[in-house]
Amino acid sequence: MDGGKSAVDSTTFSNLMALGQMQNIAEGGHGTDPVDIGHKYGIPELPLPPNANLHHRYDPVVEQVTNLLMRHGKLSVAQRNMAYILNHLRTAPPPTPNPARPLLPGAPPPSQLPLNPIGYLTLAIDSIAPLLRIRSQKGAAGGGNALQIPVPLGLRQRRRTAIQWILDASSKKRSRGSGKGQFAQRVADEIISVVEGKSNVWERRQIVHKTGTSSRANVSYGQKRRRLPT
């Protein structure tokens, strides 16, 4: 052909229709049967999986931790640190949990945690996530004293609190070297300490739950204030 073009380069829609009709006849059909020209990349199967959306293609826990790692809007730096953390969890030796500080029920054996670093991270966060927070109402206890009111938290709020505790504990640790990945190294070490029951985050969680238990009688304080007079 002119210009050195091959038959594939000069294929038109009519040629594809003719090739489809010939294929139908070769398979024992008729030339008038509908022709399936096909698609270049194929049609996705419905319903779409949860990670098929462009804006929700990452695991929810990984995305939340990445957003909390981000400083000054530098998302690429946070993503690099997140990748370092997951890689460290994958290559680190299996942890040794503390029976006095048990993890979530149904957790996989410690020897299998490095095989799934995202599950490793999720287990550490959900195990120390508090069930509530303490809200101080000034003057509610009388004499200008604040009243401690426990407020239940949702799943995303619980994880956010746990991640903040881990980041606060990591920032107080000393770096074992120098370089860009030292903060990610400290965060990864703190996550392993949480699973092994050596982190101080467990004590913060215990204090919050003890305070909430002792002030559980104040739960209805806010509800009484919102109640309309009859």
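In which helix is Val187 found? Select Val187 in the viewer: the residue is found in helix 6. The model you have open is a predicted one. The tour returns to this residue after a look at the whole chain.

**The whole chain**

You will pass elements in the order α-α-α-α-β-β-α-α-α-α, which gives 8 helices and 2 strands. The chain has 230 residues, and 31% of them count as buried. For contacts between residues at least 6 apart in sequence, 57% join residues at least 24 apart.

**Helix 5**

Select residues 155–171, which make up helix 5. From the first C-alpha to the last, this helix of 17 residues reaches 24 Å, close to the 24 Å expected at 1.5 Å a residue. Next, colour its buried residues: Arg158, Arg159, Ala162, Ile163, Trp165, Ile166, Leu167 and Ser170.

**The nonpolar core**

Select Val65, Met82, Ile85, Leu121, Ile125 and Ile191. These residues have the most contacts inside the largest nonpolar core, a set of 36 residues. Helices 2, 3 (75–91), 4, 5, 6 and 7 each supply at least two residues of this core. Helix 6 gives the most, with 7 residues. In soluble globular proteins, nonpolar side chains tend to be buried together.

Zoom in on Ile191. Leaving out residues up to four places away in sequence, Ile191 touches Ile85, Leu89, Leu121, Ala124 and Ile166.

**Back to Val187**

Is Val187 buried or exposed? Val187 counts as buried because its relative accessibility is 3%, under the 20% cut-off. Show the residues around it: with those up to four places away in sequence not counted, Val187 touches Ile85, Ile166, Leu167 and Ser170. Draw a line from the C-alpha of Val187 to that of Ile166: the two are 7.1 Å apart in space and 21 residues apart in sequence.

**A patch on the surface**

Finally, select Leu16, Leu19 and Met22. They form a nonpolar patch on the surface, and their accessible area together is about 300 Å². Leu16 lies in helix 1 (residues 13–26). With a relative accessible area of 34%, Leu16 is partly exposed.

Terms used:
Residues numbered from 1 in each chain as written. Predicted model: local features only at pLDDT ≥ 70, side-chain atom pairs only at ≥ 80, totals over all residues. Heavy atoms only, no water. Helix = DSSP H or I, 4+ residues; strand = E, 2+ residues; numbered from the N terminus. Buried < 20%, exposed > 50% of the residue type's maximum accessible area, 1.4 Å probe, protein only. Contact = heavy atoms within 4.5 Å. Patch = residues over 30% accessible without salt bridge, like charges linked within 9 Å, V, L, I, M, F, W, Y side chains within 5 Å. Areas by Shrake-Rupley, 256 points an atom, 1.4 Å probe, with all protein chains shown as cover. Salt bridge = Lys/Arg side-chain N within 4 Å of Asp/Glu carboxyl O. Expected span 1.5 Å × (residues − 1). Core = buried A, V, L, I, M, F, W, Y, C linked by side-chain atoms within 4.5 Å.
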